[in-house]
Amino acid sequence: MSRAWPITLVWALVLLGATGSASAQTLSPAEEAERTRLFQQGRKLVDEGRWADAAGPFRRVIEMRSAPKALIALAVVERELRHYVEARSLLLRAKQDAEREGLADDAAQAEKELAALVPLIPRVKLTVWEN
């Protein structure tokens, strides 16, 4: 798998906007500026391939005001860190939030990311033989 496509995805999410819907928590202009700064910091770290460092700023963005696009961006970082279960949880939340807020494109993106992620999650299958 190419390492360039996660960076492309994060950039695409940024270009589409990492803001939430009108129903999201309202931030002051200063808080919104800080949230934007943190998102840009996370994006820069992703561009540098510093996945572990990028997770913190994206988490803070979500803490300040969650939005499906921000959840997807963090999920991409978590996937690259091989934190597959955490990435899955974030994508399920993004999909649910997007559907609730009527953001069909975000819901579809979360679903697409989930479909690509699920095969990466290890599974154990136990077979019990009866005698």
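Guide: What follows is a walk around helix H4 (residues 68–80) and its neighbours. This is a predicted model, in which local features need pLDDT of at least 70 and side-chain atom pairs count only at pLDDT 80 or more, while totals for chains, interfaces and linings use all residues. Residues are numbered from 1 along each chain as its sequence is written, and side-chain values use heavy atoms, with hydrogens and water left out.

Helices here are DSSP runs of H or I with at least four residues, numbered from the N terminus. H4 has 13 residues and reaches 18 Å from its first C-alpha to its last, close to the 18 Å expected at 1.5 Å a residue, where the expected span is 1.5 Å times one less than the number of residues. Of the 13 residues of H4, 13 are buried, so the helix is largely enclosed by the rest of the structure; buried means under 20% relative accessible area, exposed over 50%, and partly exposed in between, with a 1.4 Å probe and protein chains only. After H4 comes Arg82, whose phi is positive, near 65°.

H3 and H4 pack at an angle of about 155°, with their axes 9 Å apart; axes are lines fitted to C-alpha atoms, for helices over the stretch in contact, and angles run from 0 to 180 degrees between N-to-C directions. H3 is therefore roughly antiparallel to H4, given that angles under 35 degrees count as roughly parallel, over 145 as roughly antiparallel, 65 to 115 as roughly perpendicular and the rest as oblique. The crossing of H3 and H4 is left-handed, a term used if the near helix is turned anticlockwise from the far one by less than a right angle. On the H3 side the contact (heavy atoms within 4.5 Å) involves Trp51, Ala54, Ala55, Phe58, Arg59, Val61 and Ile62, and on the H4 side Ala70, Leu71, Ala73, Leu74, Val76, Val77, Glu78 and Glu80. By class, the contact of H3 with H4 has 12 nonpolar, no polar and 3 charged residues, with Ala, Val, Leu, Ile, Met, Phe, Trp, Tyr, Cys and Pro counted as nonpolar, Asp, Glu, Lys and Arg as charged, and the others, Gly among them, as polar. The buried residues of H3 include Trp51, Phe58 and Ile62.

Another partner is helix H6 (residues 104–117), which packs with H4 at an angle of about 15°, their axes 10 Å apart. H4 and H6 are therefore roughly parallel to each other, and their crossing is left-handed. Here Pro68, Lys69, Ile72, Val76 and Arg79 of H4 meet Asp106, Gln109, Ala110, Glu113 and Leu117 of H6, a set that divides into 5 nonpolar, 1 polar and 4 charged residues.

Helix H5 (residues 84–101) holds Ala94, which counts as buried at 0% relative accessibility. Leaving out residues up to four places away in sequence, Ala94 touches Pro68, Leu71, Ile72 and Ala110. The C-alpha atoms of Ala94 and Ile72 are separated by 6.4 Å, although these residues are 22 apart along the chain.

Technical notes: Helix = DSSP H or I, 4+ residues; strand = E, 2+ residues; numbered from the N terminus.
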